[in-house]
Amino acid sequence: MMIICILFLSLNSTNIKADGITEDQRSTWIWNPWILIDNEISTLQFLENKRINKVYLQIDYEISRSVYQNFIEKATAKNIQIYALAGESYWITENGIEYQNQLMNWLELYQREATEAQRFLGIHLDIEPYETHIWTTKQTTAIQTYQQLVIHAKKKARSLKLPLELDIPFWYDEILYETKYGKGNLSEWLINYSDGVTIMAYRDNSQDIIQIVKNEIEYAKRMDKKVVVGVETLKSTEGDLVSFSEEGEAYMDQQLNKVQKHFSKIKSFKGTAIHHLESWMEMRP
């Protein structure tokens, strides 16, 4: 009986951290895919050392598809999921949907040519309509165009048999909309129309992070959706409270562990994300 118990515990221990918290998603963004050409080995080693199990990888049409295929195959062997990352604020301008169509056409061809181990496992969009003048002058138009993009992306993702995820700022739960798609809270709408969101919870302490994401996590729990909490390592011009760049990696890990523990029993919470790879690499320990 004792031997059986030991075997049972050992088989299940890989999914449990030392502190008893179930291992969740730990992800990062790669906005500069040229690093795959210049430093692929060191990039993979960094991801493995930091226990990253998911990467949002920017699509650059100037990079050969074979570069993505080689990298994803090696990442897959290390149990790292790769999602296709794209999105620009100008996508919400007139005819902006053509930029999204270009992405989807590229991705469709890529998936068809790649082997199973080389394929992207999802689509991750970072569209920031608030960075355009339309948001300031015609917010309803900006939101409606954004919603149209998301609906279109969801349909295309379904045809590719891929999940669709979105980056959203934490303050979208304060934005109310009334468009042809109805009326309500913008963060709730985006949670509903995607398979998961990563909240850009850009604060440098666990108390503030927990406070600014709790509404979305609670709503996602009711809707049976997924939420990942993202933090910043790039130095910010918006003040010292936004990024962990001043405090360093050890302090960031301490704060993320506190966030993880706080939400560990809520099924909608799916882990943390660190923005972004290259600024994280340059952080002091």
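What is the volume of the largest pocket? About 550 Å³, where a pocket is an open set of points on a 1 Å grid over the protein atoms alone, with protein on both sides within 12 Å along at least five of seven lines, a 1.4 Å probe being used, and lining residues have an atom within 4 Å of a point; the volume is the space filled by probe spheres set on points joined across faces, edges and corners.

This is a predicted model, in which local features need pLDDT of at least 70 and side-chain atom pairs count only at pLDDT 80 or more, while totals for chains, interfaces and linings use all residues. Residues are numbered from 1 along each chain as its sequence is written, and side-chain values use heavy atoms, with hydrogens and water left out.

Select Tyr130, Glu131, Tyr202, Glu232 and Glu238, which lie nearest the centre of the largest pocket among its 19 lining residues.

Next, select the strands E1-E2-E3-E4-E5-E8-E9-E10, which close in that order into a barrel of eight with parallel pairing; strands (E, at least two residues) and helices (H or I, at least four) are DSSP runs numbered from the N terminus, and two strands pair if DSSP finds at least two bridges between them. From one strand to the next the twist averages 25 degrees, angles running from 0 to 180 degrees between N-to-C directions of axes fitted to C-alpha atoms, for helices over the stretch in contact, with contact meaning heavy atoms within 4.5 Å.

Then show E4 (residues 122-125) and E5 (residues 164-169), joined by three bridges, where His124 has Glu165 of E5 as its bridge partner. Across E4 and E5 lies helix H7 (residues 139-159), at about 155 degrees to E5.
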